[in-house]
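My entries follow the order of the look-ups.

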2 protein chains.
Amino acid sequence: MMRIYELETLAPEEILNRDIRAEAEVDAAVDAILEDVRLHGDGALRRYTRELDGAELGSLQVSGAELDAAWAALDADFRATLELAAENIRRFHAQQVHRDFCLTDRPGIIMGQRYTPIEKVGVCVPSSPTAFPSTILMNVIPAKIAGVEEIVLVTPPERDGSISPAALAAARIAGADRIFKLGGAQAVAALAYGTESVPRVDKIVGPGGIYVATAKRKVFGRVAIDMVAGPSEILVLADGGCRPDFVAADLLSQAEHDVFSSAVLVTDSLPLAQAVQREVEVQLERLPRREIARRSVEENGKILLTRSLDAAVDAANRIAPEHLELCVEDPFALLPRIRNAGSIFLGRSAPEALGDYFAGPNHTLPTSGTARFSSPLGVDDFIKRSSFLYYSQDVLAEAAPRIAEFARREGLEGHARSVLIRCESETKEM
Amino acid sequence: MMRIYELETLAPEEILNRDIRAEAEVDAAVDAILEDVRLHGDGALRRYTRELDGAELGSLQVSGAELDAAWAALDADFRATLELAAENIRRFHAQQVHRDFCLTDRPGIIMGQRYTPIEKVGVCVPSSPTAFPSTILMNVIPAKIAGVEEIVLVTPPERDGSISPAALAAARIAGADRIFKLGGAQAVAALAYGTESVPRVDKIVGPGGIYVATAKRKVFGRVAIDMVAGPSEILVLADGGCRPDFVAADLLSQAEHDVFSSAVLVTDSLPLAQAVQREVEVQLERLPRREIARRSVEENGKILLTRSLDAAVDAANRIAPEHLELCVEDPFALLPRIRNAGSIFLGRSAPEALGDYFAGPNHTLPTSGTARFSSPLGVDDFIKRSSFLYYSQDVLAEAAPRIAEFARREGLEGHARSVLIRCESETKEM
């Protein structure tokens with residue numbers, strides 16, 4: 001049963017499970033795989049795919065014919081669902097595109113900032129019942145909108161060397177340029193170093209198990225990576241007017257992910273707290289993944305009772321949850337007061353699952369309290385800024401004494417001279 | 001003497017010095033400092049400051065009286081220079097502020113994205129002749145514009161326990177909220193863990209030596225950090241119409257930083273290459289920091305000869321330099337072709353030093369080729385995004401079958417139920 005606590009009795013770090021699982025034992029294994037792929041390229045990739053995925057691969061890359069066959073094999077109704085979700089995700093992320101700026105209002109001075117896409121990006125997608133088509137949409141579409149030239153998707157094959165039709169259809173809809181049948185640390189290695197078949201990329205994104213996460217950490221610096229996610233979390237902030245069965249269903253949708261997930265309710269209503277506690281038990285019984293969900297709610301789930309809704313809001317900001325549901329009468333009144341949260345679900349008809357698959361905002365979100373300083377995956381993760389600066393000779397000459405003074409204060413005479421030499425004699429200018 | 005190479009004979013990684021210096025020997029020392037400060041707080045800070053900076057501190061924090069005295073002690077002319085530079089930096093960075101968005105064009109659906117500032121930020125500034133007032137402006141001003149609530153500046157004291165008036169004046173102008181007399185790994189530890197005097201922050205930014213860089217890497221995850229910078233670099237792309245003395249001065253302004261700096265010229269003109277080679281020798285002789293600059297240009301400097309200006313542009317994109325000067329007849333024609341560079345200096349009157357101190361763009365830039373995937377420090381480093389999502393009950397009911405189908409495809413029945421339960425019977429809705 002989920003336990004009820006008074007919020008004030010817990011420290012913020014006691015509220016959500018944010019243990020990063022021990023990684024020491026996989027460290028050496030990942031090192032070996034990285035080195036092997038770096039040295040032996042495709043040969044190593046085939047070997048690991050045989051050993052770890054049980055698949056003997058011909059081409060590492062998914063062919064056009066395989067893509068076409070997958071497209072035809074998928075039922076039209078689910079294809080339509082994927083296309084609708086993709087359209088929603090595209091529509092949301094298109095709003096994230098920034099404009100360059102250029103300041104031209106001072107005579108002789110032009111300065112500004114340009115956005116350019118990262119050239120090549122790798123997207124890792126773990127295997128699962130159906131290779132997470134939602135993960136493919138959520139990672140590839142923002143990269144596509146950013147203008148990434150080559151998006152390389154990697155996902156491990158089934159034992160027969162195939163990739164699920166749902167995944168391939170999602171990849172086509174999202175706009176992946178090339179797809180490779182690779183998973184685990186070996187896929188990360190291939191993307192970081194490049195092999196005969198797999199292009200080296202500039203950034204690697206996407207979720208993964210401990211091997212993928214460790215490999216990403218290790219190649220970081222050589223390539224960029226997105227966040228390394230901790231256990232998934234939901235904080236449901238609910239007032240006494242909530243339907244307990246809705247709240248329980250939302251908590252369980254998080255809890256069914258894995259036993260490390262945290263599902264937490266914070267409310268100022270004792271009757272709601274107690275009703276949710278009972279309802280979770282009722283719904284748990286009927287859930288296919290009830291063993292996982294039960295361990296999750298019992299080990300990492302909590303019901304927190306606060307003295308007021310204000311106290312609940314303060315707690316949400318301290319916790320900085322990945323997902324925050326504001327299941328209250330007037331959620332828009334609370335929205336401006338939320339400082340730290342990955343994604344915010346407003347009102348009684350916006351369960352987390354709506355955002356996981358369909359509505360448009362990204363489902364890759366900052367976990368483990370990192371919403372204090374980081375953001376959902378988005379177009380920003382696939383672009384970079386450059387600044388630019390032009391001065392006319394006259395304007396430089398005017399500013400030169402101040403720049404030289406500043407440089408000399410910092411002990412850098414060469415900096416001063418690089419400015420002053422341009423002002424010594426205008427007649428020398430070519 | 002700087003050596004001339006034909007570009008085609010070098011691999012990109014041979015062009016700029018991008019060795020990250022060995023860190024193994026400081027690892028254990030930094031671990032000990034972090035642990036000590038975590039356990040013993042201010043006591044440990046005082047002890048390290050006594051041992052490492054030779055200063056016996058009363059209060060760790062700079063007082064208002066000290067700030068006032070520094071302000072009065074600094075000559076008015078340099079104060080004016082600092083204020084002018086701050087004004088330029090503010091003007092540029094104000095353009096980086098993003099707008100929230102909200103999509104409201106579909107009945108029953110509201111979704112959008114909000115930006116919120118990171119709450120508390122620590123800025124580390126190393127000691128130097130005058131504690132780098134430019135570093136203070138460049139790190140504090142973007143945080144201030146982002147709306148950071150508390151900006152905590154740390155910089156090591158002189159042996160008499162003082163901080164240079166220039167640094168304190170820059171901190172006041174930039175808008176730092178509190179200043180502590182701390183440097184090295186102990187300052188990073190204080191900001192990451194908090195002590196009796198020093199607040200724990202959410203993100204730590206700013207340059208530093210090997211101790212600060214190592215400590216930042218180690219506390220990363222607990223708090224956010226900015227990039228860990230490698231050696232500084234300049235790539236001057238010049239045509240035959242350039243004044244060799246200007247180019248030489250710009251190369252030397254980079255070379256005087258430290259012996260690891262890379263100053264590289266790429267040009268399609270052999271006469272310019274040879275003239276710059278000679279001119280560097282001439283100017284080196286007269287430079288106060290000539291020992292450092294000579295080692296830098298001889299060990300890490302290069303002159304690269306290309307067959308065309310186009311080939312030089314391609315090289316610049318492959319190298320992805322921190323600073324890129326386009327010293328050519330029509331630099332604006334080349335600007336759209338630059339894909340990878342931290343900061344771009346256009347034309348014959350925009351030496352790097354102009355951007356280092358004064359013009360407005362940030363001087364904290366991606367080194368070591370990371371301009372392929374990362375950006376100059378800016379307002380973006382001090383904010384984060386949250387998405388938000390509202391559906392009316394009707395619209396959720398309409399989308400429910402598709403969301404449920406998607407969730408079931410991914411094997412997550414609990415997700416499907418969290419949506420479907422809201423559509424079972426409208427009359428049950430409270």
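I counted two residues as in contact when heavy atoms lie within 4.5 Å. The model is predicted, and I kept that in mind throughout.

Entry 1, the interface. With that cut-off I found 125 residues of chain B in contact with 126 residues of chain A. I then looked up the area buried between chain B and chain A, which is about 11600 Å². Carbon and sulfur atoms give 55% of that area.

I found 73 residue pairs in polar contact between chain B and chain A, both residues at pLDDT 80 or more. On the chain B side, helix H4 (residues 76-94) contributes the largest share, 10 residues. I sorted the side of chain B that touches chain A by class and got 59 nonpolar, 31 polar and 35 charged residues.

The rule gives 18 salt bridges across the interface of chain B and chain A. One I checked joins the side chains of Arg409(A) and Asp75(B), at 2.3 Å from N to O. I also checked Asp105(A) with Arg91(B), where the closest N and O atoms are 2.4 Å apart. Asp105(A) sits in the loop between strands E2 and E3 of chain A, and Arg91(B) in helix H4 of chain B. I noted that Asp105(A) is exposed at 55% relative accessible area, whereas Arg91(B) counts as buried at 17%.

I found strand E13 (residues 343-346) of chain A joined by four bridges to strand E14 (residues 383-391) of chain B, running parallel. Ser343(A) stands opposite Ser387(B) there.

Entry 5, a sheet in chain A. I traced an open sheet of five strands in the order E6-E5-E4-E7-E8, with parallel pairing. Strands E6 and E8 of chain A are the edges, each pairing on one side only. E7(A) and E8(A) are joined by two bridges, and Ile204(A) stands opposite Ile225(A).

I looked up Lys203(A) and Asp381(A), whose side chains meet at 4.0 Å, N to O. Lys203(A) is in strand E7 and Asp381(A) in the loop between helix H14 and strand E14 of chain A, 178 residues apart. Both are buried. Next I checked Asp226(A) with Lys216(A), at 2.6 Å between the closest N and O atoms. Asp226(A) lies in the loop between E8 and E9 of chain A and Lys216(A) in helix H8, so this pair ties together parts 10 residues apart in sequence.

Notes
Residues numbered from 1 in each chain as written. Chains lettered and ligands numbered in written order. Predicted model: local features only at pLDDT ≥ 70, side-chain atom pairs only at ≥ 80, totals over all residues. Heavy atoms only, no water. Buried area = accessible area lost by both parts, 1.4 Å probe. Polar contact = N/O pair within 3.5 Å; in protein donor to acceptor, adjacent residues only side chain to side chain. Nonpolar A, V, L, I, M, F, W, Y, C, P; charged D, E, K, R; others polar. Pairing = 2+ DSSP bridges. Buried < 20%, exposed > 50% of the residue type's maximum accessible area, 1.4 Å probe, protein only.
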